[in-house]
Amino acid sequence: MTKCKVLIIGAGAVGLSIAAKISENADVSVVCRKRHSDSIAKNGLLMDGIWGEKTVCNINCITEKNPAKNDDYDFIFLTSKSTDTEKLCDEYKGLMSGKPVVSIQNGIGNEEIISGFTDIVLGATITTNFQATGDGRVNVNSESGSMKIGFFPDDSLINYNANEILDNIIEILTKSGIPVEKSSNIKSAIWEKSLLNIAVNPLTAILSVNTGELLDENLKEIVSEIIYEAFEVIKAEKISVKWNDAEDYLSYLFEYLLPAFYTSYTSMYQDLKLNRMTEIDFINGAIVKRGKDHGIITPYNSFVSGLVRYKQKKS
Ligand SMILES: NC(=O)C1=CN([C@@H]2O[C@H](COP(=O)(O)OP(=O)(O)OC[C@H]3O[C@@H](n4cnc5c(N)ncnc54)[C@H](OP(=O)(O)O)[C@@H]3O)[C@@H](O)[C@H]2O)C=CC1
Ligand SMILES: CC(C)(CO)C(=O)C(=O)O
């Protein structure tokens, strides 16, 4: 049986790890930087950590030096930072048009951007922790739940063929050993995951602290205000999440999530440390923007977004 042809666009920590993991069960191409491609050509794609130790030699790398031909992919994963979504979609629109494209990214708004380039949009959430530890080298260091994947915004308009595609994607991921669940309301799942990023990413980045520090009484109060505002926006956007209200989520955050992520450093902390653009506009910035659309004021989210943007401009 011929293997599915999969393209992973914006392959770094997440994309290269998924490429390595699914490489036995799919024919994988990645759009990545030349530094990764050069190293993969020489040494193979190296992965270590909880997804196993592997050297993978059958990955096709697409770069500015080795551009994509008019290949026909069965489906596409987009795994870039949210800040690069629009540019990458525009660059690879020829390959994306009419194809199922799955955003495996953090933040609010990626799927809406992708829907300008294809009519089969899927969203996914992933709570595994990945790092690019060198050129063509990745480490997978922790996993706190299954990946969730589904049609965006939900599966109400999806026909039989599209469902078959989703089943194929899930089969490849499962066969490769990636825990994954089908979601019939991925928009809610994305907001549920984003609440954690909204609560912890900006403060850990601004204060240069690990996630556990946010259990300090002074910081808990600020986190709570950020989340109260987010819940007002969620209500106005008519998104159903699994917590009844902000209080309910905050109990879960302070009693379960923050202790679970106590020693970890958020991606926004790491982006600022490495002088990289952060995804603030897709996290707290998205709350401010959508709040404005509904006439809701979001001073705490606006304040932390401004501080992160200031720091990222300086770095
Ligand atoms: N890392 C993690 O543990 C997790 C990450 N996420 C989310 O997943 C998404 C991806 O994260 P992550 O993998 O860590 O990010 P990375 O920055 O490691 O990977 C994205 C890659 O895309 C590359 N890229 C950007 N533009 C282009 C281009 N035009 N051509 C070729 N390559 C390009 C980047 O290169 P360059 O850096 O040179 O621009 C980078 O190597 C984010 O939304 C993140 O928040 C979600 C859960 C966990
Ligand atoms: C889950 C969390 C907060 C892990 O650090 C994350 O998604 C991030 O750092 O962006």
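Predicted model: local features only at pLDDT ≥ 70, side-chain atom pairs only at ≥ 80, totals over all residues.
1. The shell of ligand 1. In this model, 24 residues surround ligand 1, and the closest are V14, R33, N106, F130 and E279. Sorted by class, the shell holds 9 nonpolar, 8 polar and 7 charged residues.

2. Where that shell comes from. Three elements each supply at least two residues to the shell around ligand 1: α1 (13-22), α3 (85-91) and β9 (128-134). Strand β9 gives the most, with 3 residues.

3. With R33 the side chain is involved, as one of its N or O atoms is 3.0 Å from an oxygen atom of ligand 1. On its own, ligand 1 has 890 Å² of accessible area, and the protein covers 85% of that.

4. The shell of ligand 2. Which residues lie around ligand 2? They are N106, K193, L196, N197, V200, N201, F261, T266 and S267. Helix α7 (residues 186-207) makes the largest share of this shell, with 5 residues. By class, there are 3 nonpolar, 5 polar and 1 charged residues.

5. Polar contacts of ligand 2. Oxygen atoms of ligand 2 meet polar side-chain atoms of the protein at 2.5 Å for S267 and at 2.9 Å for N197. For N106, an N or O atom of the side chain is 3.3 Å from an oxygen atom of ligand 2. The protein covers 91% of the 280 Å² of accessible area that ligand 2 has on its own.

6. Which residues of α2 (residues 34-43) are buried? They are H36, S37, S39 and I40. These residues lie on the same side of α2 because they cover an arc of only 170° around the axis. As background, an α-helix has 3.6 residues a turn, so residues three or four places apart point the same way. A41 and K42, on the other side of α2, are exposed.

7. What covers α2, and what follows it. The cover over the buried residues of α2 includes α1, β3 (45-49), β5 (60-62) and β9. Of these, α1 and β9 also supply residues to the shell around ligand 1. Just after α2 comes G44, which takes a positive phi of about 85°.

How values were computed
Residues numbered from 1 in each chain as written. Chains lettered and ligands numbered in written order. Heavy atoms only, no water. Near = heavy atom within 4 Å. Polar contact = N/O pair within 3.5 Å; in protein donor to acceptor, adjacent residues only side chain to side chain. Areas by Shrake-Rupley, 256 points an atom, 1.4 Å probe, with all protein chains shown as cover. Helix = DSSP H or I, 4+ residues; strand = E, 2+ residues; numbered from the N terminus. Nonpolar A, V, L, I, M, F, W, Y, C, P; charged D, E, K, R; others polar. Buried < 20%, exposed > 50% of the residue type's maximum accessible area, 1.4 Å probe, protein only. Arc of directions from axis to C-beta. Contact = heavy atoms within 4.5 Å.
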